[in-house]
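Biologist: I'm new to this one. Please walk me through it in short steps.

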Amino acid sequence: MFYREAGDFSTSYPEDSQTFPIKFDRYRYYLVLFTAIVIIPFFINDYWVNSLFLPFLIYAIAAIGLNILVGYCGQVSLGTGGFMAVGAYACYKLMTSFPDVSMVILVLLSGLITALVGVIFGLPSLRIKGFYLAVATLAAQFFLVWLFNRVPWFYNYSASGQISAPERTFFGIEISGPNTQAWATYLFCLMFVIASAYVARNLTRGSMGRKWMAIRDMDIAAEIIGVNPLRAKLTAFAVSSFFIGISGALFFAIYLGAVEVGEVFGIQKSFLVLFMIIIGGLGSIFGSFAGAAFLVLLPVALKIVGVDWLGWPTDIVAHLQLVIVGGLIIVFLIAEPHGLAQLWRVAKEKLRLWPFPH
Amino acid sequence: MNDLADGYVTADGRQIGPVVMEMKNITLRFGGVEAIKDISFDIRQGEIRAIIGPNGAGKSSMLNVISGFYVPQDGEVWYQGRRRAPMKPYEVAQQGIARTFQNIALFEGMSVLDNVMTGRLTNMKTGMFWQSIWKGKAEREETENREVAEKIIDFLEIQAIRKTPVSRLSYGLKKRVELARALAAEPSILLLDEPMAGMNVEEKEDMSRFILDVNDEFGTTIALIEHDMGVVMDLSDRVVVMDYGKKIGDGTPHEVRNNQDVIDAYLGVAHD
Amino acid sequence: MPEQLAFALEVTANGLMAGVLYALVALGFVLIYKASGIFNYAQGVMALFAALTLAGIIDGQVPFSHLINAVFGTDVHYFGWNAPAFLAILLTMVVMIGLAYAVQRLVFRHLVGQEPIILFMATIGLAYFLEGVGDLMWGSDIKSIDVGLPQGINTWIDDTTFNSLGYGFFIDNLDIVASIIAALLVIILVMFAQYTKQGRAMRAVADDHQAALSVGVSLNFIWILVWSLAGFVALVAGIMWGTKSGVQFSLSLIALKALPVLMLGGFTSIPGAIVGGLIIGVGEKLFEFLIGAPFLGGATENWFAYMLALIFLVFRPQGLFGEKIIERV
């Protein structure tokens, strides 16, 4: 009843391969975009922006990045935290060295630098596969965190070892530093999210995406039918690290403002983003959003229920969070390995027929 | 059979060209085991060449040597009149050699259409920048290649399942999709590794028809490994017989069938 | 003997002993991996959980007391007893076997046949879950364990080396005891795997599930056995590390240390785990001593093991003793 598809067909290949071939989906997408861009900025305040929207937007970019590497190309990486750190520290060095250059350019440059680092640490993927590769990426994770901790050049020789984002504006409005406005930081990050999702969608639907998926599904066959595994894997690392670097830069400069690398970008961060794409759905852009939303909302929801409503002490709620997240990972892996994205797809299939059973 | 270097015309009017690929003294070893022992044979442009032999004879390994996946310890592969330098499998593919696999090697995470489109990958050259914007160059290239893929899909009559994930297909359909993927590359040489394996009579007739049509319409040279003797006799122009890594027969199906060595090694068993 | 060389020898000796402990932890992984193809990231958290349970039983803590108090408004904390170490260890072992059974039944039975990376991610989920449960059961404050193991500097070694080399080696008694226990455990486990009926069944399962089934091996039993063994190894590791540095979250990070050990030694090899452990143990301490502390600002132990394993893997993807991976089409 919701999905009226009668008469809704494609007459050309470009039409057939668009992102939302069903009209209903497309209009819903436009509505979401409209709400996000036009409506939310009026209602947003500091609390919501910092506890929900900014982390969601920024983790969504990181999840998209990791999903490209893990979900589309099948190369498991546990180094996400370290790569986010590269983005953050690159952004910091760029912000302090080039105070007059626009933040947008600096964030993009941070992404590019991270892409380069990603390619270097991705080189072992040519010899090492699957699970062994995951472990090898841990080398990147630990090494990078150590690097940003121990080499003072990275934190401009400050005594505390912390890095803080100086004030920056975008079109005259503060987006970093102590005096930002909620709607400004929100829109700034939203801009990057929309662009990232757009680029990621295009890359994954074309020949690049097919090369990645071929490598993921059967890399030997992929090579025999003409895919250059070196280039495919390294571009996956590069593109993935680009997005993860951007998210790291935004995480530092816009969201947190100040960062100590061991606390913020440790292995827990790598697992968090990995959990996001598992729960959200591997190999799905929508899944990256769903997973990010889920894992950002969950601790907030738990805190509201556990601490505010039930009056339990915060450490119990924190422990419960571990139990629930861990348990959910297991449940999803057993019951729905394709994550929330698959549940969503199944729901939509049912909606196409509703209220009829078949 | 005529021995003209430049080719000949078969009894039913098909054009067979000069030698396009030649295996010269190929020897392949795995550790201590010699899978292929000093084998030489050639393949002519436009012909259907069968490679037969008992299980374990080394036929799949030979196909793997041709596709560049195995590098022989001894011997040379000559392609289009020139010695082929050792190269990676994907470079071999780019030279116009496509194949199917004994145990289906489809990309199970993708749909039929996407799998067939992966066959076009050697042809799609737009850079990352254009792909990330999609509109313009990338979309045009995608549409052009989609047209080629759809032609193949029509040819093999799998239109109805083009958006189905291949993991859900039956064995026979998967084999057909794999053939589609190989054909999508518009190869000069098509290698088929037991394309009829596990099929019933009807499916075999369909597959035989497709193979003949491919050779007839597109002029594709075909080398196939096959166990069904009826198929081999009906389809192929020439046959190579292998046993325990050695070549024990080479000629037309008729010549090979009457070769005593071949009969001893292999053809004593009745096939359907 | 020149001082630098004496220092280096001491560092090496300590490294060897750390290496034996790494080997022990790595063994727990190899057992599970050999039998089920799962790399158990939760092994470290299992060690933490085992140590927490042991400490809890010895001190007579009420499990989940914090939670119960929060929900029901009560104020219970201790049962009031102090269990003897031996009994506590036995009871903890029972808990670990129960855990093995639960994990097998509720999690991995449903994941049979999945790819290794999915299984690995399930163990990461398990690690988080178990950590949360452990904290809820026993509280997350640091505990100490004392099961009567000797601690403190070994005076005999100190005196002997001082007299012969001019420099007294500082080697802790606890480390010596730990090494001996670990070595014994390794020998027992290897003998178990090679010579007993269950050990043979375990190796059969590791090779080929279907084939093992067809000769009458019960997969479930073997897996529960293997996880229990891993639980036992986790308990021993938990006791050692717990006695040394207290029972706290960092104990669970041993899993991360075992990974490079396994990468070096090969995931399926028991001798590989031992050799890998020793190499990493000595390697990281020597590197820190010779290059890390003087030139690189220290704390290189965080990543050296991984870098070493990574470089090694690039040249020999199957590790020192692992099986060569042959891919066929």
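Predicted model: local features only at pLDDT ≥ 70, side-chain atom pairs only at ≥ 80, totals over all residues.

Biologist: Which strands form a hairpin with B:Tyr244 in the turn?

Modeller: β11(B) and β12(B) do, with two residues between them. B:Tyr244 sits in that turn and has a positive phi of about 50°. Strands here are DSSP runs of E, at least two residues long; helices are runs of H or I, at least four long; both are numbered from the N terminus.

Biologist: How many residues of β11(B) are buried?

Modeller: Six of its six, residues 238–243, so the strand is mostly covered. A residue is buried if 20 or more other C-beta atoms lie within 10 Å of its own, exposed if 12 or fewer, and partly exposed in between; the C-beta atoms are placed from the backbone.

Biologist: Which residues are on each side of β11(B)?

Modeller: B:Arg238, B:Val240 and B:Met242 are on one side. B:Val239, B:Val241 and B:Asp243 are on the other. Both faces are covered.

Biologist: What is the order of the four strands in the open sheet of chain B?

Modeller: β4-β3-β6-β7, with antiparallel pairing. β4 (33–44) and β7 (82–83) stand at the edges with a single partner strand each, so one side of each has no neighbour in the sheet.

Biologist: How many bridges join β3(B) to β6(B)?

Modeller: Five join β3 (residues 19–30) to β6 (residues 74–79). In β6(B), B:Val77 is the bridge partner of B:Met23.

Biologist: Zoom out. How many helices and strands are in chain B?

Modeller: Ten helices and twelve strands. The radius of gyration is 19 Å, close to the 19 Å from the globule rule for 272 residues, so chain B is as compact as a globular protein of that length. The radius is taken over C-alpha atoms, and the rule is 2.2 Å times the number of residues to the power 0.38. Of the 272 residues, 44% count as buried.

Biologist: Now chain C. How many helices and strands there?

Modeller: 13 helices and zero strands. Its radius of gyration is 21 Å; a compact globule of 329 residues would have one near 20 Å, which agrees. The C-alpha atoms fill a box of roughly 65 × 60 × 40 Å along the principal axes. Buried residues make up 47% of the chain.

Biologist: Pick one helix. How many residues of α2(C) are buried?

Modeller: 16 of the 17, so α2(C) is largely enclosed by the rest of the structure. The helix covers residues 43–59 of chain C, and its end C-alpha atoms are 24 Å apart. The expected span, 1.5 Å times one less than the number of residues, is also 24 Å. C:Gly60 follows α2(C), and its phi is positive, near 75°.

Biologist: How many residues of chain A are in contact with chain C?

Modeller: 37 residues of chain A, in contact with 39 of chain C. Contact needs C-beta atoms, placed from the backbone, within 7 Å. α13(A) gives the most to the chain A side, with 13 residues. By class, that side has 30 nonpolar, four polar and three charged residues. Nonpolar means Ala, Val, Leu, Ile, Met, Phe, Trp, Tyr, Cys and Pro; charged means Asp, Glu, Lys and Arg; the others, Gly among them, are polar.

Biologist: Last one. Where is A:Val239 found?

Modeller: In helix α9 of chain A, residues 229–256. A:Val239 is buried, with 27 other C-beta atoms within 10 Å. Leaving aside neighbours within four places in sequence, A:Val239 is in contact with A:Ile68 and A:Leu203.

Note on methods:
Residues numbered from 1 in each chain as written. Chains lettered and ligands numbered in written order. Contact = placed C-beta atoms within 7 Å. Pairing = 2+ DSSP bridges.
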